[in-house]
Amino acid sequence: MKSSPAACGQQSWSISDDSLRRYVQYASESCIQELLMSASVSVSPASETDKLRNRSDGWKVLTLENGVEISKRRSGSLHMFRSRWVLRSVSPQQFITVANAIDAAKQWDSELVEGRYIKDLEDNLSIIRLRFGDNSKPLFRKREFIVYERRETMEDGTLVVAVASLPKEIAAGLLPQQNNAIRGFLLQSGWVVEKLEDINSCIVTYVVQLDPAGWLPKWFVNRLNTKLVMIIEDLRKLVQTTAPH
């Protein structure tokens, strides 16, 4: 590992692909476990609303409309937002194929200006750059994120996609920060897709974790809540449009 100054005076680390792979595999393990705990729900016969409400685990439900739940949980300075919904006539693999397509991401997140793969470390392990524009919500506006993405299938068929920012020094070594860019930091986030008894239906959980270093004003919670609802609706439409019938 080599250390050198990067653009804007930021320290950067140059590491081998093998070292980067080992770091991401280690760091993503806790992310996967956190996502699985956040998504833990029963899939016994019940209404869609009952399935989503089955366990709270400290989550405060902000909205629950049309089968979509948006919840929030806080631990210290960490703010976690979770959305969950049931997709009928869509298998877990069909959903992940659409949600994970980086070139299609702009169709379900209109604030994303650019998304591209920087490096593929393994078949299920990638480094990605996400860039948001001037019209994005606070904490995303004019920001770029250098994140890892790890995709795993659990023994019961549950699909997990873990996403989080790389340490700033490693990110700077991979892609130096441009003078006009603000490099944001995304904590452990991602998708969990659980199959239902009906093999062509699934429960989708999307978790975003933010660390604003303290209190989040109510107006920001409301705006992020609105953003999640819009993303879910756009993504659900996209998935159901592309799924075979």
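**Core.** I started with the nonpolar cores of this predicted model. A nonpolar core here is a set of buried Ala, Val, Leu, Ile, Met, Phe, Trp, Tyr and Cys residues joined through side-chain atoms within 4.5 Å. Buried is under 20% relative accessible area, exposed over 50%, and partly exposed in between, with a 1.4 Å probe and protein chains only. The largest core has 29 residues, and W85, L87, F95, W191 and V204 have the most contacts inside it. Another core lies apart from it, with 23 residues, including A39, M80, L125 and V207.

**Ground rules.** I number residues from 1 along each chain as its sequence is written. Local features need pLDDT of at least 70 and side-chain atom pairs count only at pLDDT 80 or more, while totals for chains, interfaces and linings use all residues; side-chain values use heavy atoms, with hydrogens and water left out.

**F95.** What does F95 touch, leaving aside neighbours within four places in sequence? I find W85, L87, V90, W191, V193, V204, L235 and V239 (contact: heavy atoms within 4.5 Å). F95 counts as buried because its relative accessibility is 0%.

**Rings.** I looked up aromatic pairs next. Rings of Phe, Tyr and Trp (its six-membered ring) pair if their centres lie within 6.5 Å; planes under 30 degrees apart are stacked, over 60 edge-to-face, and the rest tilted. The rule gives four aromatic pairs. W85 and F95 have ring centres 6.1 Å apart and planes at 75 degrees, so I log the pair as edge-to-face. This pair links distant parts of the chain, with W85 in strand β5 and F95 in helix α3, ten residues apart. Both W85 and F95 are buried. For F95 and W191, the centres are 5.2 Å apart and the planes at 70 degrees, so this pair is edge-to-face. Here the link runs from F95 in helix α3 to W191 in strand β11, 96 residues apart. W85, F95, W191 and Y206 form one aromatic cluster.

**W191.** I place W191 in strand β11, residues 189–195. W191 is buried, with a relative accessible area of 5%. The C-alpha atoms of W191 and A99 are separated by 9.0 Å, the two residues being 92 apart along the chain.

**Helix α3.** Which residues of helix α3 (residues 92–99) are buried? I get P92, F95, I96, V98 and A99. They are on the same side of α3 because they cover an arc of only 165 degrees around the axis, taking the directions from the helix axis to the C-beta atoms.

**S83.** S83 is found in strand β5, residues 78–87. Its relative accessibility is 0%, so S83 counts as buried. Not counting residues up to four places away in sequence, S83 touches E69, I70, V204, T205, Y206 and I232.

**Whole chain.** I count six helices and twelve strands; these are DSSP runs numbered from the N terminus, helices being H or I with at least four residues and strands E with at least two. Buried residues make up 49% of the 245 residues.

**Confidence.** pLDDT is the predictor's confidence in each residue, from 0 to 100. The protein averages 77, and 69% of the residues score at least 70. Where pLDDT is low, the predicted coordinates should not be read in detail.
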